[in-house]
Amino acid sequence: MLKSYLQDTWATPTATPDSAAAVRDAVTGETVCHVSSEGLDIAGAFEHARRTGGPTLRALTFHQRASLLDEIAAAVRARREELYALSTRAGATLTDARYDVDGGIRVLRDYADRARAELPDAPYLVEGPAERLGRGEDFLGVHLVTPSPGLVLQVNAFNFPVWAPLEKLAQAVLAGMPSVVKPATPTAYLTEHLVRILSEAGILPLGTLQIVVGSVRPALDLLYEQDVLSFTGSAATAAALRTHPNLVARSVRFNAEADSVNAIVLAPDVPPGSGLFTAFVREVVTEMTVKAGQKCTAIRRVFVPRVQESAALDAIASELAGVTIGNPASRDVRMGPVVSLEQRHDVRRSVRAIAESGRLVHGDPDKVRVVDADPERGAFLDTLLVSADPDASAPHEVEPFGPVATVMAYRDTVHATDLMARGRGSLAASVVSDDLTWTTRFLQGAAPWHGRLHLLDSTNMGQTTGHGSPLPALRHGGPGRAGGGSEMAGVHGIVDLMQRTALQASPRLLDSIR
């Protein structure tokens, strides 16, 4: 039975294996652990965070909190091989595991450096310069940004069990707030091991980091006005949480980063066979295969000019044919399974819904050849490329959270912009073009529907960090279906967790707090 780390102690739930959720190896189908929160003192954990962890963090300056992030990064790096090894049980190749683990380490270090460079060596931030509010110079106004005396409850998705909690923890620690982490059940054992690494390192002050393995539904009634609920997961769950009676009644701050049908658009000026066309194909295939397409930012919709539809389908299918699928521990395997048999079932169902408006160009949703594994015991899927009617509803509404992309042809720029908007809000999109006039025109219609736009041309294609990679300096989140939330964006992600208060005072008082 997987343990939870509450009130600085490892706690075992009272549930039996028969009543707990069984978590299975994505490759072999063997049971990895059982998960339950039955009998755990979650109310006590919340109070411990608020009464012990919070005051200690709030007493530290931004620079002292940054030093904690440096130590966390070093501790995780020293034992990252353990996390790599565990990741194979979730279907991750070594490349996938590094994306998750090393990506989390980089976020910690980036935020530590950013805090020292952009924030004062003080527990709070005074935003200036002061505004003159009266006729003279003796009545001024500024904004004071202070830590909230609450906690951050992280409710995370299964696909990034290391990066997600570390990314959120980095911002919470700098904001002076303790964290309680609720990992998704299918990969809870990875997040549990991460917290075990940090607890054994003895870096963080008591009460700063806790983990609840299993359901936290009753805990939503324990949140109050100074707390933050930071959610990553499905749009449907985000919608349900947003209207939770206690969250509404207490105006609990709620940040959602939800799934979305992200897109890539190939502009008419990019000819097949060109270097930029090859870069476009590479982006699509990478997003389909890294973590078996299980990324919230992965490309789901591929928009191409009608005259280039056949060339795009042929090029993408040709690259996918060379992808080796199987046991992620095997050296030659490029893509492992999805996280569970249930997830495989969901992807198959989604693909069938989309394919009703078109056809499968590559792959078979029901069978796949794999290396060094049983294709039925493991949650393996083929890479699935669909060609669909762009004006059908399913490709813009159904997200197959796996190695799937749907190619659709557009008539003109207006049609392409309209198709992008039918996703009703996305985390990210890519635009591939060397035509500045076309790209500028397209951006005006596309930008309001996206949290991030990745603009690829011949001058930057050799340096791009890729369509699906959120970066600490930039916003991660999106409008509409994508949740309407925002994470990272440099120091904005820290300040967003804090309380901004307008101060009206004399210069002498304001000088005393700077």
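Trainee: Leaving aside its neighbours within four places in sequence, with which residues is Val76 in contact?

Mentor: This is a predicted model, and Val76 is among the residues with the most contacts inside its largest nonpolar core. Once the neighbours within four places in sequence are set aside, the contacts of Val76 are Leu83, Val101, Ile105, Leu166, Leu194, Ile197 and Leu198.

Trainee: How many residues has the largest nonpolar core?

Mentor: Besides Val76, the residues with the most contacts inside this core are Leu69, Ile72, Leu166 and Ile494. Elements that give two or more residues to the core include α2 (62–78), α5 (163–174) and α15 (492–495).

Trainee: Which residues does the second, separate core include?

Mentor: This core is separate and has 58 residues. Among its members are Val270, Val281, Ile325 and Ala355.

Trainee: Within what arc do the buried residues of α10 fall, seen down the axis?

Mentor: Helix α10 covers residues 309–321 and reaches 18 Å from its first C-alpha to its last, close to the 18 Å expected. Its buried residues are Glu309, Ala312, Leu313, Ile316, Ala317 and Leu320. An α-helix has 3.6 residues a turn, so residues three or four places apart point the same way. The buried residues of α10 therefore line one face of the helix, within an arc of 120°.

Trainee: Which exposed residues does the face of α10 turned away from its buried side carry, and what covers the buried residues?

Mentor: The cover over the buried residues of α10 includes α9 (275–289) and the strands β13 (299–305), β14 (358–362), β15 (384–388) and β16 (404–410). On the face turned away from the buried side, the exposed residues are Ser310, Asp314, Ser318 and Ala321.

Trainee: What is the omega of the peptide bond from Gly128 to Pro129?

Mentor: Pro129 lies in strand β5, which spans residues 125–132. Most peptide bonds are trans. The bond from Gly128 to Pro129, however, is cis, with omega near 5°.

Trainee: Is Lys291 buried or exposed?

Mentor: Lys291 is found in the loop between α9 and β13, and has a positive phi of about 55° although it is not a glycine. Its relative accessible area is 11%, and the cut-off for a buried residue is under 20%. Lys291 is therefore buried.

Trainee: What is the phi of Ala489?

Mentor: Ala489 lies in the loop between β20 (487–488) and α15, and counts as buried at 15% relative accessibility. Most residues other than glycine have a negative phi. Ala489 has a positive value, near 60°.

Terms used. Residues are numbered from 1 along each chain as its sequence is written. This is a predicted model: local features need pLDDT of at least 70, side-chain atom pairs count only at pLDDT 80 or more; totals for chains, interfaces and linings use all residues. Side-chain values use heavy atoms; hydrogens and water are left out. Helices (H or I, at least four residues) and strands (E, at least two) are DSSP runs, numbered from the N terminus. The expected span of a helix is 1.5 Å times one less than its number of residues. Buried means under 20% relative accessible area, exposed over 50%, partly exposed in between (1.4 Å probe, protein chains only). The arc is that of the directions from the helix axis to the C-beta atoms. Contact means heavy atoms within 4.5 Å. A nonpolar core is a set of buried Ala, Val, Leu, Ile, Met, Phe, Trp, Tyr and Cys residues joined through side-chain atoms within 4.5 Å.
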